[in-house]
Amino acid sequence: MAQAKAKGVASASGRKKRLETSNVVSPEELKVLSELRQKVLWLSSWMIHNANHVRPNRDGLKVGGHQASSSSMVSLMTALYFNVLTPRDRVAVKPHASPNYHAIQYLLGRQTRDKLEAFRALGGAQSYPSRTKDADDVDFSTGSVGMGVGITTFASIAQDYLRFKSLIPDDEAPGRMVALMGDAELDEGNVFEALLEGWKHDVRNLWWVIDYNRQSLDSVITDNLFSRVDDIFRTTGWEVITLKYGKQLQRAFNASGGDALRQWIDDCPNSLYSALVYKGGAGWREHLTRDLGDTAGIKALLDEYDDSALHALMTNLAGHDLESILEAFHSVESDLPYCFIAYTIKGWGLPFAGHKDNHAGLMNLEQMEAFKTAQGIKDGEEWEPFSGLNLPNDELLAFLEGVPFTQDGTRGYEAAKIEVPVALPFTYAAQASTQEA
């Protein structure tokens, strides 16, 4: 995989405390988060499937949706909304991750089933988060790529202005402006204009989380792109945290032959890595045996895993590892702008993960039936919030009620109405400059 330079993650001793626990996340909480992540993955995928294959369709045209692009962010968004965010934070959601967003809001009681069933239909949950058309508390409308990235920069600058003018109470901590962005959005020029504008104004409390799944609508992302991205961010005053290897891979690197395995992954072209993700365990074993078979320790390391376990190991990227994600987010202790480069897999957890044409791909009926069985979802319970999960409903409900994002703090504000007179006074001048106009 194309290697982004990592600055590293701060040590555990300096991280913020989360609620009453002294660690970043307790094992019990991590288990709940893992269950909720699976539910978000299911609901977001089913939402799109329902729109295309179940809901009545008069003209037979494909409704669309992005199951693969949404699933690559499911872990990052689960960590943010169920653990990290507070009511003061504002988020611009990657457009294609809209199904994740609606599923999360549904689990938090802020979205309704009928809106999910009408996804991408008139009056339903929107294909891209919309402040005017969605009912579930969207912070920033997104759609065109690069839009959410730029708006969070200017929202942060606006927040600083309000604080300097004492228009926000001094005892109220500033919110973080968070952009969840796809890696292909870095092709947009306005992203770099926003970086420079933020640097000029010493922007603060700004996070950009890059979903580095290395695939876009057009192609696999160029291998050498991210060798420069972190330099660009640091040049404009940002801190950069790269999330590349999950905990399982990190443990494997400590075994005999682990150094060679790590170097193989670092050197693996994005196109080959994506193809092997799609091929699965047998494909991984074939390539690793061929390329590293003579390396001391590799045979013993590979023999520890059957094909299914080897596939899980080789796809254990930090962008899907909840523990790694939470460590990174909670390591932030300053108000400097932060860029998180999160290595992920496009189509994570779905049957076409890594496939080169999965951008707008949809699971067919057979694939969805197998996925449904694997998720433990019974017929007729597709929309049930906790169907298929391995924890008691009351435990899950209690957890959701204590999520920081839903605690005390106003998220929605309504400005007072300004009465507009029927007519406005106007003085006609024979001559006027355009500047006066």
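In this predicted model, the largest cavity has a volume of about 50 Å³. Its lining consists of 15 residues, of which Pro95, Gly148, Val149, Leu180 and Glu185 are the closest to its centre. Helix 6 (147-164) and strand 2 are the elements that contribute two or more residues to this lining. By class, nine of the lining residues are nonpolar, four are polar and two are charged.

In total, the structure holds two cavities of 30 Å³ or more.

Strands of a sheet pair through backbone hydrogen bonds, in either a parallel or an antiparallel manner. Here, five strands form an open sheet with parallel pairing, in the order 1-2-3-5-4. Strand 1 (90-92) and strand 4 (239-243) are the edge strands, each pairing on one side only. From one strand to the next, the twist averages 15°.

Within the sheet, strand 3 (residues 206-212) pairs with strand 5 (residues 338-343) in the parallel sense over six bridges. Val209 stands opposite Phe340 of strand 5. Helix 3 (residues 74-84) packs on the sheet and touches strand 1, strand 2 (177-182), strand 3 and strand 5. The direction of helix 3 makes about 150° with that of strand 3. Helix 15 (residues 322-330) also packs on the sheet, where it touches strand 3, strand 4 and strand 5. The direction of helix 15 makes about 170° with that of strand 4.

Terms used:
Residues numbered from 1 in each chain as written. Predicted model: local features only at pLDDT ≥ 70, side-chain atom pairs only at ≥ 80, totals over all residues. Heavy atoms only, no water. Pairing = 2+ DSSP bridges. Helix = DSSP H or I, 4+ residues; strand = E, 2+ residues; numbered from the N terminus. Axes fitted to C-alpha atoms, helices over the stretch in contact; angles between N-to-C directions. Contact = heavy atoms within 4.5 Å. 1 Å grid on protein atoms, 1.4 Å probe; cavity = no way out; pocket = protein on both sides within 12 Å on 5 of 7 lines; lining within 4 Å. Points joined across faces, edges and corners; volume = space filled by probe spheres on them. Nonpolar A, V, L, I, M, F, W, Y, C, P; charged D, E, K, R; others polar.
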